Amino acid sequence: MSAPQAPAAVTEDTPRRRMVTVRGVVQGVGFRPYLYGLATELALAGHVTNTPEGVVAEVEGAASAVARFCDRIAAQAPPLARVDSVHHRELPPVGGAGFTILTSRTDGPARTLVSPDSATCADCLAELADPADRRHRHPFVNCTHCGPRFTIVTGVPYDRAHTTMADFAMCPDCAREYADPADRRFHAQPVACPACGPRLRLLVARRAGPPNAVEGDPVAEARALLAVGAILAVKGLGGYHLACDATNPAAVALLRRRKARGDKPFAVMARTADDVRHLVRVSPEERSLLEDRARPVVLMRRRPHPSCTAGRPRPAEAVAPGSPDLGVLLPYTPLHHLLLGLPGDPDGPRLLVMTSGNVSGEPIVTDDAEALERLAHLADAWLTHDRPIHVPCDDSVVRVCDGQPLVIRRSRGYAPLPLTLPLPVRPALAVGGDLKNAFCLGEGRRAWLSAHIGDMDDVGTQRAFERAVEQLEFITGVQPQTVTSDRHPGYRSARWADRNAARRPVVRVQHHHAHIASAMAEHGLDGARPVIGVAFDGTGHGDDGAVWGGEFLLADYDGFTRFGRLAYVPLPGGDAAVRRPYRMALAHLRAAGLPWAADLACTSACPPDELRLLERQLERDLHCVPTSSMGRLFDAVSSLAGVCHRAGYEAQAAVELEGAALRAPAGDSTAYAFALHAAREGEGGAMRADPAPVLAAIVDDLRADVGPAVVAARFHRAVTGLVHRICALARERHGLDTVALTGGVFANTLLSSACAVALREDGFTVLRHRLVPPNDGGLALGQLMVAARAVPTDRATDRAIDRAID
């Protein structure tokens with residue numbers, strides 16, 4: 001018998017065949033063309049295809065070439081791609097030749113990720129402006145590196161047939177580009193040109209009858225209308241905008257009246273960041289956000305005395321009255337660039353108001369017929385097109401705090417990218433809150449936070465919520481086994497969860513606990529050790545029936561202990577006190593034992609009849625729910641200092657108080673001080689922070705002719721000192737040294753920055769939101785994490801979840 005032969009040695013040239021599965025944002029971003037080019041460069045045979053799991057490739061060739069192929073997949077991925085994992089599996093060689101892109105597979109559950117919409121890239125902009133290019137001035141120019149994605153996706157895997165481009169047949173030239181591996185539009189699903197669509201048109205309103213379609217160039221006619229003060233409804237990526245010349249006071253005032261917007265600031269669109277440098281302070285971080293592919297609205301501090309240099313545009317005062325910030329965004333579609341003008345175009349508006357196409361409080365309009373009806377009393381003309389919007393998506397809003405981004409509204413450009421969770425969760429849906437609603441789907445270690453939905457007090461918004469839940473469940477493949485909501489018994493989102501539970505468990509999560517859990521999850525904390533959660537906002541249902549909002553909680557995902565709170569004061573009339581900050585000021589003065597003197601601004605702001613009624617209401621405790629809200633205290637101080645007495649939009653009084661503090665002269669370091677009281681019997685150990693000394697000091701300062709700016713600055717320092725004192729006490733008593741700052745009040749960057757500095761100087765680790773809004777737009781992420789602990793899984797299930805997403 002002959003001796004067994006030793007296995008052949010593996011060398012660099014030994015034939016190898018390997019299946020590679022790439023998961024992440026790998027569809028609709030040029031990933032298959034990228035792998036095609038990589039395989040061709042390395043002389044590998046095989047194929048690549050889209051599947052519901054991601055991109056799957058089989059490659060065969062020399063062992064060294066196969067290894068280089070696998071090593072380079074993530075390192076050199078296309079600009080819009082996000083590679084979460086690359087898995088390899090060895091297969092027996094079959095001696096194949098050539099590399100091809102196969103038709104997408106549609107079997108199996110969806111596990112790939114859909115890309116957000118992306119701003120027009122530099123190459124496409126060059127084509128847009130080039131008279132010799134066949135896409136010169138084409139309002140829908142795009143390629144694999146830019147353009148619509150999430151808002152046009154109707155299914156997965158991501159192919160043209162699963163987008164709203166399905167009905168636009170490619171012309172021969174586009175089809176040739178689409179099939180050419182060397183072309184930038186190789187397998188670019190929204191590829192388009194003037195020959196194959198989509199088509200732009202301009203409709204102008206008439207006094208009677210339907211709007212008239214305008215002959216000629218729709219963009220040129222639209223620019224002419226904007227130049228004479230008209231308001232246009234402009235169809236964008238995720239819905240309609242209402243646009244007007246931001247430098248025209250009459251046009252801005254008209255838009256504000258028509259939209260019933262009160263004093264809420266408008267965002268403006270500028271050609272470049274340099275076009276607003278004379279209006280706002282543009283830091284390198286803010287410029288980076290402005291020019292990012294996501295193209296959010298960036299809130300930047302206004303210059304106190306804008307430059308009046310000739311030729312530099314200035315927005316009308318009514319664009320952002322009373323706000324310390326100006327929201328700016330840059331063009332993110334070819335149509336935006338055309339509206340603002342290309343080089344050589346006739347002069348036109350250089351700053352445009354760009355606000356959501358809706359009546360205040362309603363969801364953004366996406367349907368063309370609906371736009372003609374719902375925006376008829378708002379717009380003078382409609383600049384529209386025939387590519388449908390499948391997924392509504394408002395503009396995202398971001399600001400910079402201490403050199404880091406702080407997302408205020410997470411929507412277009414960011415959704416539907418998932419967040420990575422620190423712990424695995426079973427498939428679940430968290431429905432969020434009723435203000436700034438965004439819901440969250442979670443499975444394994446991924447959480448998909450929806451695009452901004454809006455305030456749930458409008459029936460249209462509730463319908464938009466339902467459609468968005470269905471759509472996100474469809475494209476993610478998540479089938480929730482648990483539903484979680486806020487504990488507030490009156491929240492429409494909570495009632496929706498109850499109605500749609502379908503025998504699934506419904507977990508109720510306390511509002512401020514969810515805020516803190518959201519910050520913990522964003523920072524990757526596994527909850528093994530509690531944090532000191534500082535949750536400051538306007539409204540949240542408390543476990544004792546009061547309205548909470550000035551909370552210091554010792555919290556992990558399993559639960560919380562209320563360590564401290566702002567002292568309760570009556571909330572007279574609920575929403576009436578929110579809309580009229582002088583009511584909150586008077587309620588706080590009464591609780592502090594301070595008289596409603598006639599020389600106080602809040603007293604004189606209250607009509608005499610209302611003042612008498614309010615006095616009786618507080619005496620008899622009628623419709624006066626107790627509140628510990630820090631947001632309402634900001635409102636009270638704003639009115640007391642004479643800054644803002646009536647709020648036309650949420651947090652107006654607090655925003656203007658922050659603006660006043662920014663105007664305070666340098667050199668003053670005085671801070672008011674809260675009184676701290678031990679917990680009363682039955683309050684679970686929560687100490688009380690009493691603002692009475694703060695209010696008394698403010699009254700004294702006002703009578704000493706200390707201006708509102710100084711009062712506002714001293715109040716901010718008082719809140720900063722309170723945060724530091726109570727966190728230090730929590731550390732002393734419980735040994736905790738990590739603080740999470742969360743809730744809508746911490747969108748105030750002056751306060752957020754001061755608190756972070758004070759805490760870090762004292763050795764605390766400080767968690768602040770960066771990727772998820774600190775306001776109720778981030779609530780659902782925290783709900784998801786708390787519910788995951790309330791409905792526990794066993795270790796075997798956790799391991800199975802991890803395997804499923806890996």
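This is a predicted model: local features need pLDDT of at least 70, side-chain atom pairs count only at pLDDT 80 or more; totals for chains, interfaces and linings use all residues.
How far is the sulfur of Cys-602 from the closest cysteine sulfur? The gap is 8.9 Å, to Cys-606, so the two sulfurs are too far apart for a bond. A disulfide here is a pair of cysteine sulfur atoms within 2.5 Å. The structure holds 0 disulfides.

Residues are numbered from 1 along each chain as its sequence is written, and side-chain values use heavy atoms, without hydrogens or water.

Now the nonpolar cores. A nonpolar core is a set of buried Ala, Val, Leu, Ile, Met, Phe, Trp, Tyr and Cys residues joined through side-chain atoms within 4.5 Å. The largest has 68 residues, and Phe-674 and Phe-715 have the most contacts inside it. Helix H20 (708-734; a DSSP run of H or I, at least four residues) gives the largest share, 12 residues. Phe-674 is in contact (heavy atoms within 4.5 Å) with residues including Leu-566, Phe-715 and Leu-722. Another core, of 55 residues, lies apart from this one; among its members are Phe-186 and Trp-496.

Last, Ser-411. Ser-411 sits in the loop between strands E16 (404-409) and E17 (419-430), strands being DSSP runs of E, at least two residues. Ser-411 counts as buried because its relative accessibility is 0%. Among the residues that Ser-411 touches are Cys-393, Asp-395 and His-452.

Methods. Buried means under 20% relative accessible area, exposed over 50%, partly exposed in between (1.4 Å probe, protein chains only). Lists of a residue's contacts leave out its neighbours within four places in sequence.
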